[in-house]
There are 2 protein chains.
Amino acid sequence: MHPRILDTLKRNQLSITDSRKKILEMFLQRKGALAHADIEQQSGEEFDRVTIYRTLQTFVEKGIIHTIPSADNSVRYALCKDDCSEGHHHDNHVHFMCDQCGTTYCLDHVTVPSVALPVGFLVSQVDVVVSGTCLKCQ
Amino acid sequence: MHPRILDTLKRNQLSITDSRKKILEMFLQRKGALAHADIEQQSGEEFDRVTIYRTLQTFVEKGIIHTIPSADNSVRYALCKDDCSEGHHHDNHVHFMCDQCGTTYCLDHVTVPSVALPVGFLVSQVDVVVSGTCLKCQ
DNA sequence: ATTATTTTGCAACAATGTTGCATTTATGTA
DNA sequence: TACATAAATGCAACATTGTTGCAAAATAAT
C-alpha cells in the first residue's frame with residue numbers, strides 16, 4: 001500500500017475504508033487522470049457504483065482530487081499536487097488531453113499564463129486545457 | 001428572423017428546417033453559450049429532444065458552433081466567430097464561466113496565451129476556461 | 001408536380017448520476 | 001477488549017442525459 005494513503009485520509013478526517021484506500025491508491029499509482037468509468041472497471045465490481053460516486057465527491061470536497069474541464073462531457077479527476085485546503089479555489093492547472101489515446105495529464109509544472117480579461121470580470125480560477133498528441137503516441 | 005440564418009445553413013449545405021432555423025437564431029441572439037437543456041427549455045417542447053441533439057451535433061460537425069470545456073459535466077455550445085471550415089481545430093478561445101449566474105461567455109477578443117509544454121507533446125488546440133464573477137453579477 | 005433525399009418524431013434502449021434507508025463497518029470510550 | 005456511537009456501504013428505485021432504428025413527414029431536386 002502506498003505510504004501516503006493513510007496519511008492523506010487521516011489528515012482529512014476521513015474514516016479509513018477499503019474503497020477509499022483502493023481508489024486513492026489508483027490515483028497515486030497512475031499519475032494521469034481517472035474517470036468514474038476507469039475506476040469502476042479497474043476495481044472489478046469490488047465496490048458499488050454509488051460508493052465510487054460518493055468517494056469521488058468526498059475527495060473533491062476535501063481537496064484531495066479535482067475535476068478536469070473537458071470539451072466532451074466526460075468528467076475526469078486528478079490528484080491535487082498537495083491537498084488543497086477547503087477544496088475551493090485550488091491552484092491553477094494546465095491539463096493535457098491526448099486526442100489519440102485519451103489520456104489526460106495534469107501538468108503541474110507548467111506555468112499558467114495570465115489572461116487579460118475585459119473590465120468587470122473578476123477571475124477566481126484559470127484552467128488551461130491543451131489537446132493534441134502526447135509523449136507516448138508520437 | 002436573423003439575416004445570417006439562411007446564409008449560414010445554405011453555405012453549409014444543410015436543409016432549411018424549422019428546428020435548425022430556431023436553434024441557430026438562439027445562438028445568434030443571445031451571444032452567450034447554450035447547453036442542450038437551455039435550448040430544450042427555450043424552445044418550449046416545440047422540438048423533440050433527439051432533434052435538438054442531432055441539430056447540435058450537425059452544427060458542431062459543420063463548424064457553426066463549438067463545445068466549451070467545463071469542469072462540471074455540462075456541455076455548452078457557442079457560435080464560432082466565423083464558421084470554422086471542416087469543424088476541426090477551430091481557433092483557440094478564452095471562455096469565461098460565471099460562478100454566480102452560470103452564464104458562459106466566449107471572449108473572442110482576448111488573446112490566448114501561448115503555453116510552453118514539455119518536450120514530446122504536440123499541441124493542436126488550447127482552451128482557456130476562466131471562472132469567476134461576470135460583469136452583471138458584480 | 002413528382003420523385004428522391006433528408007430530417008423529424010417516436011419508441012426503446014443505454015449510460016450516467018442521485019436519493020433514501022437498512023445493514024455493515026469503522027471509530028471513540030470505558 | 002467490549003460496547004456504544006457515528007459514519008460509510010450496498011441495494012433498490014428513480015431521474016437525467018444521451019443514443020439508435022425506423023416509419024412518417026418535410027425538404028430539395030428533377
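In this predicted model, chain A is built from 4 helices and 6 strands. Read from the N terminus, the elements of chain A follow the order α-α-β-α-α-β-β-β-β-β.

**Overall form of chain A**

The C-alpha trace of chain A extends about 45 × 35 × 25 Å along its principal axes. Chain A has a radius of gyration of 16 Å, which agrees with the value near 14 Å that a compact globule of 138 residues would have. Of the 138 residues in chain A, 47% are buried. Among the contacts in chain A with a separation of 6 or more, 55% are made by residues 24 or more positions apart.

The accessible surface of chain A amounts to about 7,300 Å², and carbon and sulfur atoms account for 46% of that surface. As for charge, chain A carries 14 positive and 17 negative side chains, and the centres of these two sets are 4 Å apart.

**How the two copies are related**

Two copies of a chain are related by a rotation about an axis and a shift along it. The same surface serves both copies, since 100% of the contact residues of chain A recur in chain B.

Leaving out residues up to four places away in sequence, V129(B) touches Q125(A), V126(A) and D127(A) of chain A, together with P69(B) and H95(B) of chain B. V129(B) counts as buried because its relative accessibility is 9%, and the cut-off for buried is under 20%. The C-alpha atoms of V129(B) and F59(B), which are 70 residues apart along the chain, are separated by 22 Å.

**Helices α2 and α4 of chain A**

S19(A) is placed in helix α2 of chain A, which covers residues 18–29, and T55(A) lies in helix α4, which covers residues 49–62. Setting aside neighbours within four places in sequence, S19(A) is in contact with F47(A), T51(A) and T55(A).

**Helix α2 of chain B**

K21(B) sits in helix α2 of chain B. At 25% relative accessibility, K21(B) counts as partly exposed. When residues up to four places away in sequence are not counted, K21(B) touches M1(B), I5(B), L6(B), L9(B) and I16(B). Computed along the sequence is not the whole picture, however: K21(B) and S74(B) are 53 residues apart in sequence and, from C-alpha to C-alpha, 24 Å apart in space.

Most residues other than glycine have a negative phi. Against that background, Q13(A) is not a glycine and yet has a positive phi of about 55°, and Q13(B), again not a glycine, also has a positive phi of about 55°. Q13(A) is placed in the loop between α1 (4–11) and α2 of chain A, while Q13(B) lies in the loop between α1 (4–11) and α2 (18–29) of chain B.

Q13(A) is exposed, with a relative accessible area of 72%, and Q13(B) counts as exposed at 71% relative accessibility.

**Accessibility of the residues discussed**

The table gathers the relative accessible areas.

| Residue | Relative accessible area | Class |
|---|---|---|
| V129(B) | 9% | buried |
| K21(B) | 25% | partly exposed |
| Q13(B) | 71% | exposed |
| Q13(A) | 72% | exposed |

Note on methods:
Residues numbered from 1 in each chain as written. Chains lettered and ligands numbered in written order. Predicted model: local features only at pLDDT ≥ 70, side-chain atom pairs only at ≥ 80, totals over all residues. Heavy atoms only, no water. Helix = DSSP H or I, 4+ residues; strand = E, 2+ residues; numbered from the N terminus. Rg over C-alpha atoms; globule rule 2.2 N^0.38 Å. Buried < 20%, exposed > 50% of the residue type's maximum accessible area, 1.4 Å probe, protein only. Contact = heavy atoms within 4.5 Å. Areas by Shrake-Rupley, 256 points an atom, 1.4 Å probe, with all protein chains shown as cover. Lys, Arg positive; Asp, Glu negative; His and termini not counted. Charge placed at Lys NZ, Arg CZ, Asp CG, Glu CD.
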